[in-house]
Amino acid sequence: MVLFTDLDGTLLDRDTYSCAAALPALELLRSMKIPIIFCSAKTRAEQEAHRQELGITDPFIVENGGAIFIPRDYFSFPFDYHRRKGDFMVIELGISYEKIRRSLCRIREEGQFHFKGFGDMSAEEVMAITGLDMEAAHRAREREYGETLEFGERADEIERALRAIRASGLNYTHGGRFYGVMGPNDKGSAVSLLLDLFHKKLGQLKSIGIGDSINDVPMLSAVDVPMLVQKAGGSWENINLDRLQKIQGIGPAGWARAVMQIAEA
Ligand SMILES: [Mg+2]
């Protein structure tokens, strides 16, 4: 088995970013030697901090599938990658943050929009809208493959701005709180690519995906067992997908229940 998991609102509580409710289930997965693959809109810096805290050493997928980071020596066979960064081989599926920023600034000017990206905000502003602490806010601003947008009071502009973003050749997705803007990547293509490598390593395997939002749909579509946890408030995101298992429990509590279900199966 290989488990792909979203972070915000899934393994981590949407508001407190705590994963305390999921820790026993995480321990169980580790004892079963099941790889835990983060697949999140979060940056490499953010995910590395969580991996370190939780003692997870498996590959991870950053910024909505912008890139896959694979620890050196994780796979014993050669595979194609774009570059090395520290102890990781990096497979890049997205385009650079600088390019995305340039396009977004032009779109904002031309459409006279008021949206703000993390690149327009100080770390203090990112803290204020996300509830992250200062260090985590700095890590959230270390973007490489996508921008996070906030529309603030200007909800009336969202649809028109998203149309302009799409028309410029960029993609967007919604993570439950913010919009993510990126190149041609999504979580699903990154999951499929990584699954090919796991098939080569393990042979037959069962892939599981756990998420909470629209930006998880490509990931959930790419796995054998898609699971959806409840959002804050107790409802499920409106996602229609064959085989989708709706799990009782908000965020990390639902995550724990999903893992128990997998372990008992
Ligand atoms: Mg999420």
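In this predicted model, the centres of domain 1 and domain 2, taken over C-alpha atoms, are separated by 23 Å. Domain 1 is made of two stretches of the chain, 2-94 and 186-264, while domain 2 covers residues 97-182. Where the two domains touch, domain 1 supplies 23 residues to the contact and domain 2 supplies 16 residues. On the domain 1 side, the element that gives the most is helix H2, spanning residues 44-54, with four residues. Sorted by class, this side of domain 1 holds nine charged residues, along with seven polar and seven nonpolar ones.

Four of them form an open sheet in the order E7-E8-E10-E9, paired in antiparallel fashion. The edges are taken by strand E7 (116-117) and strand E9 (171-174); each has a single partner strand, so one side of each is left without a neighbour in the sheet. Strand E8 (residues 146-150) and strand E10 (residues 179-182) run antiparallel and are joined by four bridges. Within this pair, Glu-147 has Val-181 of E10 as its bridge partner. A helix accompanies the sheet: H3, residues 97-111, lies across E7, E8 and E10 and runs at about 40° to E8.

Glu-63 is not a glycine, yet its phi is positive, at about 45°. This residue sits in the loop that links strand E3 (60-62) and strand E4 (67-71). Is Glu-63 buried or exposed? With 28 other C-beta atoms within 10 Å, Glu-63 is buried, because the threshold for that label is 20 or more.

Asp-73 likewise has a positive phi without being a glycine, here of about 75°. Its place is the loop between E4 and strand E5 (83-85). For Asp-73, the count is 8 other C-beta atoms within 10 Å, and the residue is therefore exposed, the limit for this class being 12 or fewer.

Definitions and conventions:
Residues numbered from 1 in each chain as written. Predicted model: local features only at pLDDT ≥ 70, side-chain atom pairs only at ≥ 80, totals over all residues. Domains from an automatic or database assignment. Contact = placed C-beta atoms within 7 Å. Helix = DSSP H or I, 4+ residues; strand = E, 2+ residues; numbered from the N terminus. Nonpolar A, V, L, I, M, F, W, Y, C, P; charged D, E, K, R; others polar. Pairing = 2+ DSSP bridges. Axes fitted to C-alpha atoms, helices over the stretch in contact; angles between N-to-C directions.
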